[in-house]
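Hi,

Here is the structure I promised to pass on.

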Amino acid sequence: MVRFLFSVVVMYACGWEVCRVGVADWPQFRGPTGDGHARTQALPIRWSESQNVIWKVPVPGLGWSSPVVKDGRIYVTTAVPRESESNENSEGHSLELVCFRAQDGKLIFRKALFEQTGPVQMHKKNSHASPTPLLHNNNIFVHFGPHGTACTTLDGEVVWTCVLPYEPQHGNGGSPVLADGVLVICCDGKDVQYVVGLNPKTGEQVWKTNRDTKPKKGFSFGTPLWLPASQSEDQRDQVICPGSDAVFSYNPRNGKELWRFDYPNGYSVIPRPVFGHGLVYICSGYDKPSLFAIRPTGRGNVTETHGAWMIDQGAPHTPSLLLHNNEIYLVSDRGIATCLDARTGGEHWRERLGGNFSASPFLAGDNIYFQNETGEAIVIKAGTTYQEVSRNEIGDGDRTFASYAVEGNHLLLRSETSLYALGTN
């Protein structure tokens, strides 16, 4: 197994200090920079159950959190039904952090952190363990919606826990992020909607800001985007948090609202925003999603003044967007992939990939990886013309809703029952 023996300094969502992230690490939802860009060009482009599988191990319970990786260890969260229960809609689960050795998939530990008790209205595509953990320095931050949030060591020892109360609809989903040294989490239930900033060292609340909306359906599953002042045209630190009816930008240090952009009647917002070309790209959720490109430079309500372009054909409900060079790539839940000019919204191509999609695409080298809900991967070349590289199937009919992760030169795929490491060495 090829390993890189050096580290690079990454100045993204670290906040407390400069964060050293190993080349083999994958510390959060959608990777080192949170936008689906892998650092390696040596990932496999072809695999099956009998080809390029380095190892495959069972994962207890059910969870759709993506794997995260640090120092040769892989971490996932999962929800294990009580012994008296037998399905994902049961009234009780042990909410756990699970750690595997990246070299061979050996189980290192299982740590029960919380209990989910009582009935929860659960969507058939969701789980009780859908938010992806966040790694920072020697800590892991895990979030199970209103059932509990925790910080542990890399060995699973609990540092702190807290509960962020709201009433979930269809389960939990949004992942935590670090923004300017504050742990930011979107809490959008069917009863209340707010964003909270926690002290990552203690779990104490730094700020809590109620969303200034009155949506008909308040539940959403947003993962924030941290936009540091160094990347912002107007030199403001921002944490951008999509929710029902609107996306908000807040000051990550105190939670003060900076700007908002409305998309009335949008709800169950899932895709994580991305930033580039001076624009933030946001999807508006159900029932009919739109994709908005917004200039994040205004103050107050910028709906009429700071929208650069929008489309309402082919936008995803669930998968996040992928921005590369001058193009933005997206795949709808029904499998329509689109490539747009990121600056204007002009369409380069549109193709039906086949199947339904929940996982977010990612980029490695000049290849883009898409994964549908039955384990088929479609690899294409990035560019303004559609060029398919390969199609790959894996699994025994397992659902595959979790997004890929990367460990060194290995692709990590989480299915309904198993974790795979795919590679050529």
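First, the ground rules. This is a predicted model, in which local features need pLDDT of at least 70 and side-chain atom pairs count only at pLDDT 80 or more, while totals for chains, interfaces and linings use all residues. Residues are numbered from 1 along each chain as its sequence is written, and side-chain values use heavy atoms, with hydrogens and water left out.

**Sheets**

Strands here are DSSP runs (E, at least two residues; helices would be H or I, at least four), numbered from the N terminus. Two strands count as paired if DSSP finds at least two bridges between them.

Another open sheet has five strands, ordered β16-β17-β18-β19-β23, and its pairing is mixed. Its edge strands, β16 (225-227) and β23 (300-301), each pair on one side only. β17 (residues 238-242) runs antiparallel to β18 (residues 246-250), with four bridges, and valine 239 sits opposite tyrosine 250 in β18.

There is also a hairpin to look at. β27 (residues 336-341) and β28 (residues 347-352) are antiparallel and joined by five bridges, with leucine 340 opposite glutamate 347 in β28. Five residues lie between these strands, and glycine 345 takes a positive phi near 85° in this hairpin.

**Core**

A nonpolar core is a set of buried Ala, Val, Leu, Ile, Met, Phe, Trp, Tyr and Cys residues joined through side-chain atoms within 4.5 Å. Buried means under 20% relative accessible area, exposed over 50%, and partly exposed in between (1.4 Å probe, protein chains only). The largest core has 29 residues, and Trp47, Ile74, Phe100, Phe362, Tyr369, Tyr404 and Leu411 touch the most other members. Elements giving two or more residues to this core include β3 (53-58), β5 (73-81) and β6 (92-101). The largest share, four residues, comes from β35.

**Pockets and cavities**

Both come from a 1 Å grid over the protein atoms alone: a cavity is a set of points where a 1.4 Å probe fits but cannot get out, a pocket is an open set with protein on both sides within 12 Å along at least five of seven lines, and lining residues have an atom within 4 Å of a point. Grid points are joined across faces, edges and corners, and a volume is the space filled by probe spheres set on the points.

- The largest pocket holds about 590 Å³. It has 29 lining residues, with Lys125, Asn126, Phe221, Ile270 and Thr318 nearest its centre.
- The second largest pocket holds about 380 Å³. Its lining has 17 residues, with His317, Ser332, Asp333, Arg334 and Asn356 nearest the centre.
- There are four cavities of 30 Å³ or more. The second largest cavity has a volume of about 70 Å³, and β13 (residues 182-188) gives the most to its lining, with three residues.

- The peptide bond from tyrosine 286 to aspartate 287 is cis, with omega near 0°; aspartate 287 is in the loop between β21 and β22.
- Asparagine 52 is not a glycine, yet its phi is positive, near 60°. It lies in the loop between β2 (19-22) and β3 and counts as partly exposed at 25% relative accessibility.
- Histidine 170, also not a glycine, has a positive phi of about 70°. It is in the loop between β11 (158-162) and β12 (177-179) and is buried, with a relative accessible area of 18%.

Cheers
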